[in-house]
Amino acid sequence: MKVIILGCGRLGAYLAQVLDQQQHQVTIIDRNSDSFNRLPPEFRGTILLGVGIDEDVLRRAGIEHADAFIAATNGDNTNAMAAEIARLVFQVPKVIARLYDPVRADTFREFGVIETVCPTVMSADKITELLMDGKK
Amino acid sequence: MYIVIVGGGKVGYYLAKQLLAEGHEVLIIEKDRKKEEALIAELGEISLRGDGTETWVMQKAGLSRAEIVIAVTGDDEDNLMICQMAKNKFAIKRTIARINNPKNEHIFRLLGIDTTVSTTDLILAQIEREIPAHSLVHLMTLREAGAAIVEARVPDDSPAVGMELRELNLPEDFVMPLIIRNGKGIIPNAGTVLNSGDEVVAVTTLENENRLVQVLNGNR
């Protein structure tokens with residue numbers, strides 16, 4: 001599968017590494033070249049310096065032939081917009097955006113054309129679950 | 001009419017001022033403390049400090065009561081988020097977004113944002129209107145001496161074609177030392193006749209530099 005990841009932060013870099021190990025064809029984009037240091041030396045994917053809400057940058061990343069697009073920068077608004085561009089302009093079949101804000105994540109799930117992952121809700125759920133475990 | 005503006009930079013400020021003068025109820029959401037203080041000092045208590053892309057800030061601004069939401073921050077992704085949340089979460093009928101990168105207009109339209117204003121496109125259009133088709137090329141500007149060496153092309157439909165230099169209504173402090181015709185330099189005199197396509201080089205004061213274009217284009 002050809003996967004484009006936007007944002008080479010903790011999540012992006014880790015995800016890139018995992019998908020690369022699983023033999024997927026990964027391209028990772030970040031606007032800061034230092035971020036690519038988070039990738040392990042054995043990473044075989046493509047790195048691309050640029051702004052992820054720029055259609056030209058996305059085109060250069062090969063988005064026209066991508067099977068999936070994952071927006072994982074640390075900005076919710078950037079992730080939402082990049083993901084919407086991927087879905088609506090380039091018709092990428094699978095588009096996922098990481099949104100920290102639960103309300104935004106919810107709203108986008110309702111009306112949106114993209115799938116969202118909200119680490120805040122997931123962490124809170126997990127933490128409450130662990131708390132309850134301790135009570136038993 | 002209650003109008004919420006997100007972004008209290010120059011665009012937001014002047015927009016609010018104008019809308020207030022027209023008698024509307026206006027609220028500006030601005031996240032920068034200094035900018036917000038300046039807004040209050042200038043326009044009164046019409047602002048709310050906070051990130052206008054955050055839902056709780058939108059709620060505090062009473063967004064659901066607004067008839068129009070205008071997003072004019074310097075970031076397209078923020079403006080898009082504001083309009084989308086306003087439309088889908090607060091059921092705002094009319095959303096207007098400023099677009100900084102003209103390429104983004106397309107995606108805003110696909111996502112149903114009612115009106116977009118591309119500042120870059122507007123400025124570009126204005127510049128193109130201001131610069132005549134046969135524009136003046138600055139070869140050298142001597143700002144301290146208040147003079148410039150400029151070059152302009154004689155258009156085919158120029159009223160100056162076929163005229164002698166002395167017949168052109170040129171100001172006194174305006175010298176035309178060189179004409180380039182078919183790639184060759186000619187040192188003209190008062191009796192030299194202009195042809196269409198000639199490149200005219202002139203030494204002029206800064207105030208008079210546009211006279212060359214006016215003379216060659218017939219005061220358009």
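Two strands count as paired when DSSP finds at least two bridges between them. With that in hand, let's walk through this predicted model.

Q: How many bridges join β5(A) to β6(A)?
A: In this predicted model, β5(A) and β6(A) run parallel. Pairing needs at least two bridges, and the number joining β5(A) to β6(A) is three.

Q: What is the order of the six strands in the open sheet of chain A, and which strands stand at its edges?
A: The sheet is open, with parallel pairing, and its order is β3-β2-β1-β4-β5-β6 (chain A). From one strand to the next, the twist averages 20 degrees. An edge strand has a single partner, so one side of it is left without a neighbour in the sheet; in chain A these strands are β3 (46-49) and β6 (115-117).

Q: Which strands of chain A does α1(A) touch, and about what angle does its direction make with that of β2(A)?
A: Helix α1(A) packs on the sheet. Its contacts are with β1 (2-6), β2, β4 (68-71) and β5 of chain A, and the angle with β2(A) is about 165 degrees.

Q: About what angle does the direction of α3(A) make with that of β5(A)?
A: Helix α3(A) also packs on the sheet, where it touches β1, β4 and β5 of chain A. Angles here run from 0 to 180 degrees between N-to-C directions. For α3(A) against β5(A), the value is about 175 degrees.

Q: What is the radius of gyration of chain A, and why does it agree with a compact globule?
A: The C-alpha atoms of chain A fill a box of roughly 50 × 35 × 25 Å along the principal axes. Buried residues make up 40% of its 136 residues, and residues 24 or more positions apart account for 49% of the contacts with a separation of 6 or more. Because a compact globule with 136 residues would have a radius of gyration near 14 Å, chain A agrees with its value of 16 Å.

Q: Where is A:Gln23 found, and is it buried or exposed?
A: A:Gln23 has a positive phi of about 70 degrees although it is not a glycine. Most residues other than glycine have a negative phi. The place of A:Gln23 is in the loop between α1 (10-21) and β2 (25-30) of chain A. Its 9 C-beta neighbours inside 10 Å set the class, so A:Gln23 counts as exposed.

Q: Where is A:Gln91 found, and is it buried or exposed?
A: Here too phi is positive in a residue other than glycine, near 50 degrees for A:Gln91. The residue lies in the loop between α3 and β5 (94-98) of chain A.

Q: Which element gives the largest share of the side of chain A that touches chain B?
A: The contact takes 15 residues from chain A and 15 residues from chain B. On the chain A side, the elements that give two or more residues are α3 (76-89) and α4 (102-111) of chain A. By class, this side has eight nonpolar, four polar and three charged residues. The largest share, eight residues, comes from α3(A).

Q: Which strands stand at the edges of the open sheet in chain B?
A: The six strands of this sheet pair in parallel, in the order β3-β2-β1-β4-β5-β6 (chain B). Their twist averages 15 degrees from one strand to the next. Each edge strand has a single partner, so one side lacks a neighbour in the sheet; the two strands are β3 (47-49) and β6 (115-118) of chain B.

Q: Which residue in β6(B) is the bridge partner of B:Arg98?
A: Strand β5 (residues 94-99) of chain B runs parallel to β6(B), and four bridges join them. In β6(B), the partner of B:Arg98 is B:Val117.

Q: What distance separates the centres of domain 1 and domain 2 of chain B?
A: The domain assignment of chain B gives domain 1 (2-127) and domain 2 (137-217). Taken over C-alpha atoms, their centres are separated by 48 Å.

Technical notes: Residues numbered from 1 in each chain as written. Chains lettered and ligands numbered in written order. Predicted model: local features only at pLDDT ≥ 70, side-chain atom pairs only at ≥ 80, totals over all residues. Contact = placed C-beta atoms within 7 Å. Nonpolar A, V, L, I, M, F, W, Y, C, P; charged D, E, K, R; others polar. Rg over C-alpha atoms; globule rule 2.2 N^0.38 Å. Buried ≥ 20, exposed ≤ 12 C-beta atoms within 10 Å, placed from the backbone. Domains from an automatic or database assignment.
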